[in-house]
Amino acid sequence: MNPNSLYKKRILLLIEAFDEGGTEIAMLSLINCLKKFKCDIEILCINKAGVLVDAFPKEIHSREIIFKNVLWKKLALKIEPQWNKLELLPYNLFFWWHKILFPIEKKNNKLYKQMLKNALPQEEKWDIVLDFYGYGSFLTAYAAESIEAEVKATWVHATAIHSWYKVEEYLEKFKKIYCVSNAVLTVFNQTFPETREKTEVFYNVTDTEKIIEKSKASVENLRVDGKFIFLTIGRLESVKGIDFAIRVAKNLKKINIKFLWYVIGEGSLHDELQILIEKEQVMDCFILLGRRDNVYPYIKQCDIYIQTSKSEGYSTTILEARVLKCIIVATDILSNREQISSGETGFLVEYEEEAFVQIIQKIIFDKKLQKKIFSNISKERIDFTDEINKFETLL
């Protein structure tokens, strides 16, 4: 790559907020990589808040989009109406009135057009604007219409792309549409064939050296003599399948497998999942740890890393487990096939409880299989130089 192509470029990255999710973590890794080119980097967000706000480099300035009214900001953040809360009544009325008054039609999103009128445009000009959040959100429309730049790119993070029709009319303003996996690329091109020439796979950049270094930190000891340690990391939301994991744990317990299954993450389903844990009588072996600032020492401690997601654009946590040379058991979805060769570098399993039980049991008792997987994953080379090189075609 020509070292001058990114050197000292002015780059603006867009994110909704600094929440704890794969998208935000991936953007942090990308920023750390771009810093090596001495780029002038800024972050533009809707809400400068979230559990990861202090994790981003302090020298990277971040600021919020300024809305003419706070209700437009809430609308941009996709805060859903909650009619049972009296204090939200003004927003509820505002939300529904504008949904009716400015409908979202194919290639004519009247709601976003109205929102753009009520969000102040950026006065500066940038070399590169990266709508890293993507998801067909208001930020994509804002990046297209309210920011001046030499080139612009947007990101598609998931195979569930139903929301992208909201910004279809704005896609022509982006030179590149980066999809985080081949699975995402395939679905996006099928849905929006007219953009095929500008779509490209851009795997989420990960700082592997930093992961390895942070994994050495001292944290609570998860290990208990005589028990296998399983770990899952993810938001406590439906798509991550933690309820499914609880039922798998119940079946493992039935066949007298001795284990502790930890889950790191928080989300809206926490209380519901805790009730399910008690109902299925796995309180002694299935533990919701909540959020952890540094997950890597926990990954390093586990015997098997398990991911039960129903869908993923490209699993950051699986990638992190690969970096730390863990045996991985994950749902057999298209994007996971890009990371794991089943039976060689990990295991991909159909979304069925007994299938997960059988493969976990096999791994535990088949020492020869364990040795084979460890040998294969120790030889894996995980490098993202090619991804950064893709910015050459953007410039």
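Q: Before we start on helix packing, how do you get an angle between two helices here?
A: Axes are lines fitted to C-alpha atoms, over the stretch in contact for helices, and angles run from 0 to 180 degrees between N-to-C directions. Keep in mind that this is a predicted model.

Q: Great. So at what angle do helix 8 and helix 13 pack?
A: Helix 8 (residues 242–254) packs on helix 13 (residues 353–365) at about 55°, and their axes are 9 Å apart.

Q: And what does that make them to each other, in words?
A: Angles of 65 to 115 degrees would count as roughly perpendicular and those under 35 as roughly parallel; helix 8 and helix 13 are therefore oblique to each other.

Q: Which hand does the crossing have?
A: Right-handed, as helix 8 passes helix 13.

Q: Which residues make the contact?
A: From helix 8 come Phe244, Arg247, Val248, Asn251 and Leu252, and helix 13 brings Glu353, Phe356, Val357 and Ile360. Sorted by type, the contact residues of the two helices are 6 nonpolar, 1 polar and 2 charged.

Q: Switching to helix 9, which of its residues are buried?
A: In helix 9 (residues 270–279), those are Leu273, Leu276 and Ile277. They span an arc of only 105° around the axis, so they sit on the same side of helix 9.

Q: What covers them?
A: The cover over the buried residues of helix 9 includes helix 8 and strand 12 (286–290).

Q: And what's on the face turned away?
A: That face of helix 9 carries the exposed residues Asp271, Glu272, Ile275 and Lys279.

Q: What about the backbone just after helix 9?
A: There, glutamine 281 takes a positive phi of about 60°.

Key:
Residues numbered from 1 in each chain as written. Predicted model: local features only at pLDDT ≥ 70, side-chain atom pairs only at ≥ 80, totals over all residues. Heavy atoms only, no water. Helix = DSSP H or I, 4+ residues; strand = E, 2+ residues; numbered from the N terminus. Parallel < 35°, antiparallel > 145°, perpendicular 65-115°, else oblique. Left-handed = near helix turned anticlockwise from the far one by under 90°. Contact = heavy atoms within 4.5 Å. Nonpolar A, V, L, I, M, F, W, Y, C, P; charged D, E, K, R; others polar. Buried < 20%, exposed > 50% of the residue type's maximum accessible area, 1.4 Å probe, protein only. Arc of directions from axis to C-beta.
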